[in-house]
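Work through the exercises below with the coordinates open. Try each task before reading its solution.

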Amino acid sequence: MESIDIEKKDMATTDPSRFTVKDYVDIVEKQKYQFDAFFCLKFWRPKPNLHPEATKFIADSILESPRMKDVIHQLLLEGHNGVNSYENIVVQIKTILEEMGHTYSLGTIRVIGFFLAKLLRNLYQGVAINNSAVLKLSKAMSEGPVLILPTHRSYADFLLISYLCYTMDIPLPVIAAGMDFKGMKFVNRVLQNAGAFYIRRSFGHDQLYWAVVSQYIQYHIKNFQAPIEFFLEGTRSRNGKSLPPKIGLLSMALEPYFRGDVPDIKICTVSITYERTLEENLYAWEALGVPKPRESTSGFLSAVGKIRGQNYGQIYVNVSDPISVRDHISKRTEPNWNTPSFRFTLNEYEKSRIHSLAWNLVSKQQKDAITPVSAVLMSALSVNKQLNIDQLVEYVVLFNSVLKKYGTPCLVQDDTVVQAIKDCLDAHKLIIFRASNEFFSCQPAISEGADIQILAADRLVLQQYTNQLLGPLINVAVFGIIEAKCARESSDIINESMFFAKYFKDEFILITSYTQNDIASLNDASNPMLKNVLGVLLQPFLESFYIILHLIAMGFSTIKEIQLQYRNVVSTILAEGASSFLEILAIDKISRHVLNLVTNGHLCAVKTGNNTSYQQMDDISPIIVKIETYLDERLKRFMVSHRQKTVLIQSHL
Amino acid sequence: MADSSADRLAVIHRHLSRDSDGKAAGPKVPSSIPKKRQELLRWNGWGYEDSGFVLSNLGTEQNPKYVFTFSGSRYEIASADLPHFFDWAYATIGVDPAKKKDPQGEPSYPPPIVNEGFVSDLKNTKITFSFEGMDRLFRAHGHTLHDIALLRGGQFLRIPDVVVWPECHSHVEELITLASKHNVAIVPIGGGTNVTGAVDCKHGEKRMIVSLDTSQMNQILWIDDGNLVAHVESGIIGKDLEDRLQARGYTTGHEPDSYEFSSLGGWVATRASGMKKNRYGNIEDLVVALRAVTPNGEWRSSGTYPRVSTGPDMNHVMIGSEGTLGVVTEVTIKIRPVPPVRKYASFVFPDFDCGVKFMRQVARDRCQPASLRLMDNQQFQFGQALRPSKGPFGLMVDGLKNFYLTRLKGLDIEKICVATIVMEGTVKEVAIQEEKLTGIGIEFQGIPAGEHNGKRGYQLTFAIAYIRDIGLDYGVVAESFETSVPWDRVVNVVNNTKSRLEKECADRKFSHSFISARVTQVYDAGACIYFYFGFNYGNMSMLQAVEVYEELEIIARDEIMASGGSLSHHHGVGKIRKKWLPSILTSNAINVLHSIKSTVDPQNIMAAGNLVFD
């Protein structure tokens, strides 16, 4: 598959020093000396903007659309589930639209603005945003449809984007949200009034629903009065790294371009990073397998109560220059000779290009994410028992120099770095504590009998931040361990890098195999201190993968079984000291690895009823052998003996 | 794809599974005509089994009183006795109730030629097929006099060896691939209403003959309200197409007299014409795009464009190809909203000349209504004979009308002719049309004869097709044939042809014969003329009479062409008009046809043997 290089254009036209503090403005700061009431009543008339009566038009327009009519007539012809008249289906569609649709109203937005301003000022030290890109986004909005694709790390994301648009006089986006929000009484109404619409998490078999959703989204593309916002990752990433993209919504949204309904669609990715995430603890427990609490209004309010008065540090928002889809994917010219435009479907080529675009967009999101200072601090403190401010400054400077090339450095300058670190330490005082007068640490002394789950949860909170460093620097990290463990010849390094790129693609979006040129520049970037930090951060991922591979090789074939076994095995591993990484207790990687193995042809998904089991298509022991090279002897020995024991027990049975 | 969303997407796409043609998977709407056509249709004559003319004696044996009725309840004409018809039939064509000639029963069937390889491959497909005699016989013929005579009292030497029912484009592809592989002949058939011998099997065909019945490809794949086109599988029967479109508020407006039984694909393959072509166009105007399967692969339009300039129109290779190049499988056809108003009208003219002049002027002024026809005097008389019984008051009105026309207006009842008119459109459009037509009518000595007469003319259209069967019952052979003529030759062609046939009949000393003509279509540059010719064959055998008839039809065609008429307006060439092609086409044209054939069908799989092909 040809990859879509969305960077090329930007590189050519943008000055490399674009991420200096100068470009950034603080949108909360602006409000600090103003009454919130003034803010919420400010003159706000962006162009274009959703018509105040839009909701009514949308339903009529969708019902009158040729596509919708066609689907209705087809359903009538097929005579599915109690569908007996045109009117009957129209009622169903109206119900879906009512459940789904936003009820955009400027009044609500102003009220939300009032509270948001208060909340942001209360919780955060500031929200930094690259102003010049916002101006470009604003200009793109006046030219045609725009998709805003933010990273998704927190519920605060979409509030923030709307707030930002309101502040910067950009039409507020309509936002695709998961139907789970519907469970929150009152709050769901407020969000709908603010432009959120709800779609079910999966609706593959519901032709009517599929048609209504796609018509709904495409209505907003074709009548571009407001940008459409959705999350490419499909869900909040709970681990600080980008998730593999979901293609469905993007395909729907881009269809009008491929069909020729609009000349072009522009995409702005928005990378939002938090010095401290609201949900940090929640995520850690979810990764350990404690289910996510159901969204509810009371839960929401109590969460608001809990976080009030705490310091969540700085937020960084990096808006990309608008990416023109037309510049990257050309439309087909061969005639669609016997398909009317309302039955347009994307062809294989277009699907593969959209797929490729989606991956490139999440890569861009990951790469553009401004590294929070806390990511560097916690990474440094994960490797070192304790460090003082000067040492921490040294780490920040060191990583910033590498991040310039492989990611986006921390938003600090020589004269602000110390203050930034102090602010960050203050925000994270719950996990980074003062070990002595000058020294800071995040590795508490482990007392006997401490609950391993609680300890692991703490580690996983840390990992959410360290991953924000490992994510962009993954290639540097992998290069470091390849070089250290086995290979000196560049051809060997390239081969090894291909292995990692293949099996960790879903875990680390930016991972690639190397070319000769890459090796040269990776060599330049390498520094023993840096290699050491990154190597340690990467290690638990290799261990998890290794254990998962063993479990699959042992014949566990459903995600549930593997999760259960994984938890048992890892508990024993940690108890016996075969690994020192508590992080490996997290089970969130399992499904990503399994799906990756499916993609790579080692496993095959077999669906029986509601259960999916994964059958081995070939021998995966070569992968195990390969990954073993990079692991600690203790873990290898443990797994080998564990498998022998299991085989023994099975033979006894 | 690398993630669960990809899986989900795949599921979604599978569910929405349209194949590459944008066709939705779903239950099929059945055709109104069953696969076993003989269950609904008459196997040895026209139309529905339950409908037709019946002659019965209402009096006693000594004092008989014969009356015609029309059976069934499908047609308006069936609602009342036809008290005047017997007198007309007796006087004009010599129908003698005593000399009824019953048709033979179900004949024996020639054993099929079986290509084992083809049949065993066919069994591995999902395509249904039949070796049953009646299924094969039903598809061995069209509706020429010759075909019907053989069914009633003769024997087909060659009938299809197997009937197959493909259900979609890809089935047809499969079939034609198999046929090419095993060198088997394919003859496609739609409604089987041709009158040119187009689906009749060639006697010399030694290969297995597969009758490819398109009737199960009968779905409307989509309707595009925005562009007013529908994409339809070719086997759909005209009436089904019309009913289903009307349920959505649309019509194709294509209404050939056979539309209850003929198929879309058949219309395309014969270059059909419909009654209301003035408003909606002939089939070649209606087809926006088409798709066909040839032995050398797919043949299709480049897209559903309103018009293109990309070299010669390649759609026309298939339109009118009469089954010799490929099988038309899907057609994108124009549709129109059903007009709010349909109004009938009629004019009486003192003679045929005046009527033709009226038609000419309407064409010159380009104010053609949806349909415009001119009946000659014989047909006028015939139409009068078919009028239903009325109470005494009705008779009185008829008498008054007669009085008014003949005594006050001085018309000769033996010379007058009638123009019938259908107007469609909005109330306003129709009013304007009517006003214009009335003006022109009066200019050419026409007398408006009311809505009722016009309406009856059109209602009779479909029932009249049943008349040949009752004629054969009483020793009358009859057939219709058409031509197209430039305006300045219309009257000559009609007069010369009638005169020639009258002479030939006199020479042969027929007791009764009937020759009539009508102008059924007007164009800018000319008109379409329809001839009806029949005679009472007295003591000849039916098959002898058919031979004589064929001789006379050839004489008539020669006369038509010598007087300036064409070989065919819309029936096509088939097998019965092949012999004239070398004289009307240049050798270049014939060579081009052969080149096309050798490109798309070098093995002559599509062996219908029509047009210039063997």
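## Exercise 1: Fold of chain B

Task: What share of the contacts in chain B between residues at least 6 apart in sequence joins residues at least 24 apart?

Solution. The share is 77%. Keep in mind that this is a predicted model. Next, list the secondary structure: chain B has 21 helices and 20 strands. Then take the extent. The C-alpha trace of chain B spans about 90 × 55 × 50 Å along its principal axes. Now test the radius of gyration. A compact globule of 614 residues would have a value near 25 Å; chain B has 25 Å, so the two agree. Last, burial: 58% of the 614 residues of chain B count as buried.

## Exercise 2: Fold of chain A

Task: How many helices and strands does chain A have, and what radius of gyration does chain A have?

Solution. Count the elements: chain A has 28 helices and 14 strands. Apply the globule rule. For 653 residues it predicts a radius near 26 Å, and chain A has 26 Å, which agrees. The C-alpha trace of chain A spans about 70 × 65 × 50 Å along its principal axes. Buried residues account for 58% of the 653 in chain A. For contacts in chain A with a separation of 6 or more, 79% are between residues 24 or more positions apart.

## Exercise 3: A helix pair in chain B

Solution. Helix 12 (residues 352-364) and helix 15 (residues 427-443) of chain B pack at about 140 degrees, with axes 9 Å apart. Angles over 145 degrees would count as roughly antiparallel, and 65 to 115 as roughly perpendicular. Helix 12 and helix 15 of chain B are therefore oblique to each other. Their crossing is right-handed. Now the residues. From helix 12 of chain B come F358(B), Q361(B) and V362(B); they meet L437(B), I440(B) and G441(B) of helix 15 of chain B. By class, this contact has 4 nonpolar, 2 polar and no charged residues.

## Exercise 4: A helix pair in chain A

Task: Which residues of helix 21 meet which residues of helix 22 in chain A?

Solution. Start with the geometry. Helix 21 (residues 474-485) and helix 22 (residues 490-503) of chain A pack at about 130 degrees, with axes 10 Å apart. Helix 21 and helix 22 of chain A are therefore oblique. Helix 21 of chain A passes helix 22 of chain A in a right-handed crossing. V478(A), F479(A), I481(A) and I482(A) of helix 21 meet I493(A), E496(A), S497(A) and F500(A) of helix 22. The class tally for this contact is 6 nonpolar, 1 polar and 1 charged residues.

## Exercise 5: Single residues

Task: Is A553(A) buried, exposed or partly exposed? Where do L228(B) and Q445(B) lie?

Solution. A553(A) is found in helix 24 (residues 528-553) of chain A. Its relative accessible area is 26%, so A553(A) is partly exposed. Beyond neighbours within four places in sequence, A553(A) is in contact with Q616(A), I620(A), I624(A) and R643(A).

Now backbone angles. Most residues other than glycine have a negative phi. L228(B) has a positive phi, near 55 degrees. L228(B) lies in the loop between strand 7 (220-224) and strand 8 (229-233) of chain B. Q445(B) has a positive phi, near 65 degrees. Q445(B) lies in the loop between helix 15 and strand 17 (447-448) of chain B.

Notes: Residues are numbered from 1 along each chain as its sequence is written. Chains are lettered from A and ligands numbered from 1 in the order in which they are written. This is a predicted model: local features need pLDDT of at least 70, side-chain atom pairs count only at pLDDT 80 or more; totals for chains, interfaces and linings use all residues. Side-chain values use heavy atoms; hydrogens and water are left out. Axes are lines fitted to C-alpha atoms, for helices over the stretch in contact, and angles run from 0 to 180 degrees between N-to-C directions. Helices (H or I, at least four residues) and strands (E, at least two) are DSSP runs, numbered from the N terminus. Angles under 35 degrees count as roughly parallel, over 145 as roughly antiparallel, 65 to 115 as roughly perpendicular and the rest as oblique. A crossing is left-handed if the near helix is turned anticlockwise from the far one by less than a right angle, and right-handed if clockwise. Contact means heavy atoms within 4.5 Å. Ala, Val, Leu, Ile, Met, Phe, Trp, Tyr, Cys and Pro count as nonpolar, Asp, Glu, Lys and Arg as charged, and the others, Gly among them, as polar. Buried means under 20% relative accessible area, exposed over 50%, partly exposed in between (1.4 Å probe, protein chains only). The radius of gyration is taken over C-alpha atoms; the globule rule is 2.2 Å times the number of residues to the power 0.38.
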